[in-house]
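Dear colleague,

Please find the structure handed over below, together with its sequence.

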Amino acid sequence: MSGAPDLPVHLRPPERPGLVRLLEGVAVLGALLLLAGGPVWWFMHGTAAGWTEHHVVQVSVPADAACRTGPPPGRPVTCAATWSAYDGGEPVTGEVSNRYGGDEPRPGATLDAREVRAAGSDAAGGLAFTGYQAALLRWALVAPYLAGGGGVLLLAAAVGLVRHDPRWRSTRTDLPPPG
């Protein structure tokens, strides 16, 4: 190592400064991709995948149905509802929502929706959405790739930084004692 050997390890310059700057940028990009994809994958990917399966159903919201506002984004309305299974099976009891776009469900209404979660999965009733905004749908569908790619970039950049920059590999045990 041609850097200043008389300096503590954590103060020595990187062996390849250009590569270290590039790896730091790759690490930041990987972290951003992970942050952009991870939560969306966790919260939205399942319903987006269910939406793309085109399980169109006719949803009936009873006149005495319990409706609530939320969860975000926006102020969506979610109501208890029933519908016939898209494959002609048993009637499904669950919730219908305009969480990501579409018509607002109201007590006593009948509307078109898509079943995004079948009844019985996760010990819960079915879930149907009346719409899905195109941008949110695309984001939710690519979220696993964003998170996976971001994680790989972050890991590769961290390995490269530990290998080529002494400031990343040092535990700073070579600091002089205080006083």
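R106 is partly exposed, at 47% relative accessibility, where partly exposed is the range between buried (under 20% relative accessible area) and exposed (over 50%), computed with a 1.4 Å probe on protein chains only. R106 forms a salt bridge with E104, and their closest N and O atoms are 2.0 Å apart. E104 is likewise partly exposed, at 33%. A salt bridge here is a side-chain nitrogen of Lys or Arg within 4 Å of a carboxyl oxygen of Asp or Glu.

Please note that this is a predicted model, in which local features need pLDDT of at least 70 and side-chain atom pairs count only at pLDDT 80 or more, while totals for chains, interfaces and linings use all residues. Residues are numbered from 1 along each chain as its sequence is written, and side-chain values use heavy atoms, leaving out hydrogens and water.

The structure holds two salt bridges. Besides the pair described above, R68 forms one with E95, with the closest N and O atoms 2.7 Å apart. This pair links distant parts of the chain, 27 residues apart: R68 belongs to strand β2 (residues 67-69) and E95 to strand β4 (residues 91-97). Strands are DSSP runs (E, at least two residues), numbered from the N terminus. R68 is partly exposed at 40%, and so is E95 at 26%.

One disulfide was found in a search of the whole structure, a disulfide being a pair of cysteine sulfur atoms within 2.5 Å. C67 and C79 form it, with their sulfur atoms 2.0 Å apart. The link is right-handed, with 110 degrees about the S-S bond. Because C67 lies in strand β2 and C79 in strand β3, the pair ties together parts that are twelve residues apart in sequence. C67 is partly exposed at 34%, whereas C79 is buried at 0%.

Yours sincerely

Conventions
Helices (H or I, at least four residues) and strands (E, at least two) are DSSP runs, numbered from the N terminus.
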